[in-house]
Amino acid sequence: MINFSRVKTIALLAIVLISNLLFIELQAQKALEYYLPDITYSSDISTPKEILNYEIGEWHISHDQLVDYLEHICSESAKCTITEYARSHENRPLVYLTISSKDNLRNIDSLRLEHNKLSDPTNKEDINIAKLPLVLYQGYSIHGNESSGGNASALLCYYLLAGKSAKIDSLLNNTIILLDPCYNPDGFNRFSSWVNSHKAFTANPDPSSIELNEVWPGGRTNHYWFDLNRDWLFTIHPSSKGRIQIFHEWKPDILTDHHEMGSHSTFFFQPGVPSRTNPNTPQLNQDLTEEIGNYHASFLDSIGSQYFTKERYDDYYYGKGSTYPDINGCIGILFEQASSRGHIRETKNGLLDFPFTIRNQLVTSLSTQEAALELRTKILKYKREFYKNRYDKQSDNAFYIFKSQDNYISNFFIELLNRHDIDVYSIKKSMHLDEIEYPDDISFVVPKKQKQSSLIKTIFEKVNEFPDSIFYDVSAWTLPLALNLDYTEGEVILSNLLNKKIKNITNHKLNVKSDFSQCLAVAIDWGAYNSPALVNKLLEQGLKLKALSRPSEYVINGETKVLSTGTVIMTTIASDPERNNNIESLFKLAELYNIELFPIDSGYSKEGASLGSNNWISIKAVNAAMIIGDGINAYDSGYTWYQMDQRLEIPLSLIDQKNLRSSSLKKYNVLILPDGSYTLNSQKSSIIKDWVKSGGTLIAMRRSIEYARRQGWLEGIEEVNVENTDELKKISYSNYKSSSGSNAMGGTIINTTIDIHHPLFYGYLKQELPMMKQGTQFYVVPKESSTPMVYSENAVLSGYASEINRVKTAGAAGVICSAYGNGTIIACVDNPNFRGIWLGGSKLFANMLFMSDLIERSTLLR
């Protein structure tokens, strides 16, 4: 008789034994054979283990180890050179390797120049595509905690340099590979340090384990917590600037961008969702992407890896690594590997270990190379036609013209355009266009008919029609609106308008024509972009400064001049023994920041406030802190930190909310609450409440406004409530996900009306200000005097907004100022420092810091 109980026990023991054996196998080191094709490898090239003393995948390679290994094996091979193209904020080198045949490397400069003729639509020479190498740019780990790509790059380099096969020979004869091993050194190093320092000898795949759960802000972002995969177009950071320079030096034909996604997924490669491709991208681009995708599918099938394509991800925003190439005649390809988050992790698909994720990234790197080799002539012809067709369609005399009275902003935009290989010209004479005067000394023209015509279009155009209503990121990025520039599209005979091509504007020597020897005060133009940085330096030196709260007329240099609200003065009393030193210090700073100064020789103002008037109000040095930590939006926190640290040059204390009880707020006069989900307990909330009541300025941005409302600090602020129509309520199950997604606002540019006489908008000249709207927070205007920014009635300038959100946006509050005890709370519904590109909002943010004490208390919401 069979003992079923015993059989059952034996079966269970067998299952446990097999599971343990599988688990041990997953924990085991994976030798090179696990990853690499089965070919002969030269012993002249060092393996990763020979340099690192461990196999790839056994530990997470740190950035310094990665660069050290690549430098080492590149020096061992005649098929490789390595180039540093930038330094990160933490001074880590960003490098790329040029890998090709020895003959190609000997002629690399001439090959690059010949290849670049493909992207020059004015070139009339015949290009022998049959003999021209394809340029393949392979890049990894722009999100630092998506590290399988960066680890795979070491293996890929070893394969190309040590491997001996006819396939590799053919590949290197017919391609030039630019291998960028790590786009984000700072985040990559932060993450590797975390997972390696929490790795156990006995691996633990429990998702709750500390190794698999980074602390805030995590390793995804760069030093300032920016997502570098949103910076390809804006190029705010050194890594992005350097990478885009290399991109345009080489004009690659394929660019790959290796990422990770949620652990419970599998592997994704582009194309993405077809309806969510930017209309400026040619269909042939997507067709070629799909054709290359067949190679990925075949290679992944060969190792038994699961995958998906044409789902979830899009190809819309040109500021991402896989989409920026598409508007530059290149094929951009996104890869997303399910993340192990550490060394091994339980998922709904079973145990997922780090080596497996690395192998998938390597295999799709190899499949890309195979596709590049076999589709080389087709892809090179595509690039040639991309540039030629777009160029030929442009009018010879069509252009965009823009102006700014601020050299800093003009230079910022001109240098950004040049970085993207776009030509900018000064103009010969002033012109009037669409009711805007464009003076010749501050206006600049971008002709549409140049090789970057496609990129020019997407930088300048306002978009209000879309093929889909779901967006993975922002739906608009019109850069002149971000910079608050006057700009117009026009068409004239350009030869009569264009002066000379410019790279940047030379700052003229200011303040040399004015006589400051007898002045009673020196006025500083608050409207200049860099004035807040200058003013802060003076305040740090202990100098007394005042700001003008009403327009006033003074005689300056013998001429009558109206000083606008916000003008800052430093008095220069003749009896003050430090008078000359103070003026000299001011001059040096004004020259550094390129700020014009104005001598005030008489304290009398014929119209407005004389120097002794109470309308000149003292301003204080900024002592600011910002709450950070779990639940708080690291991106939005980073935008603010970057703005204060890099541009305003004001120290910002970053206080983790878990340490709030042990941190004294008394030393600060400004406290910033960035966007996030706040879960502070009553004791910590009381610390903030008491600080505001005692006279502090609290800046609440985006969702932190809701936290302040819950605490009862912002009574009187109500959300806009618009009933959904019957049509919006009738959503079927199958359409629910897409319908709810279409009501999101990932990034839409809206127009606002501002009160330029209000202290928060000192320095602005126009009564309209574009803002980037993210999220669906809409508030009723509670009181006109307390709401100096209001969304326009037809607010959407560029980008997608559902009908219900368009209704909610109309006339909603943008900034609300409220009294709380002796303090002030500024509720800013949108982040004015968005991604470091929104220079149009910079003065608003500076005014929150410096000018909030100038707000009349009677105008505040109570």
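A pocket here is an open set of points on a 1 Å grid over the protein atoms alone, where a 1.4 Å probe fits, with protein on both sides within 12 Å along at least five of seven lines; its volume is the space filled by probe spheres set on the points. This is a predicted model: local features need pLDDT of at least 70, side-chain atom pairs count only at pLDDT 80 or more, and totals for chains, interfaces and linings use all residues. Residues are numbered from 1 along each chain as its sequence is written, and side-chain values use heavy atoms, with hydrogens and water left out.

**Second largest pocket**

- The lining has 33 residues, and R220, D227, R230, D473 and Y635 are the closest to the pocket centre; a lining residue has an atom within 4 Å of a point.
- Helix 19 (residues 634–648) gives the largest share of this lining, 4 residues; helices are DSSP runs of H or I with at least four residues, and strands are runs of E with at least two.
- By class, the lining has 14 nonpolar, 9 polar and 10 charged residues, where Asp, Glu, Lys and Arg count as charged and Gly is among the polar ones.

**Nonpolar cores**

- The largest nonpolar core has 175 residues, with I688 and L849 making the most contacts inside it.
- A second, separate core of 65 residues includes I129, L132, L134 and Y158.
- A core is a set of buried Ala, Val, Leu, Ile, Met, Phe, Trp, Tyr and Cys residues joined through side-chain atoms within 4.5 Å; buried means under 20% relative accessible area, exposed over 50% and partly exposed in between, with a 1.4 Å probe and protein chains only.
- Leaving aside neighbours within four places in sequence, L849 contacts V622, M644, L648, I650, V670, I672 and I699, contact meaning heavy atoms within 4.5 Å.

**Strands 2 and 3**

- Strand 2 (residues 80–87) and strand 3 (residues 93–99) run antiparallel and are joined by 7 bridges; pairing requires at least two DSSP bridges.
- A86 stands opposite L94.
- The hairpin has 5 residues between its strands, and N91 in the turn has a positive phi of about 65 degrees.

- D601 lies in the loop between strand 24 (597–600) and strand 25 (616–618).
- D601 counts as partly exposed because its relative accessibility is 41%.
- Beyond neighbours within four places in sequence, the contacts of D601 include D515 and V555.
- V555 belongs to the uncovered face of strand 21 (residues 552–556) and stands opposite T560 in strand 22.
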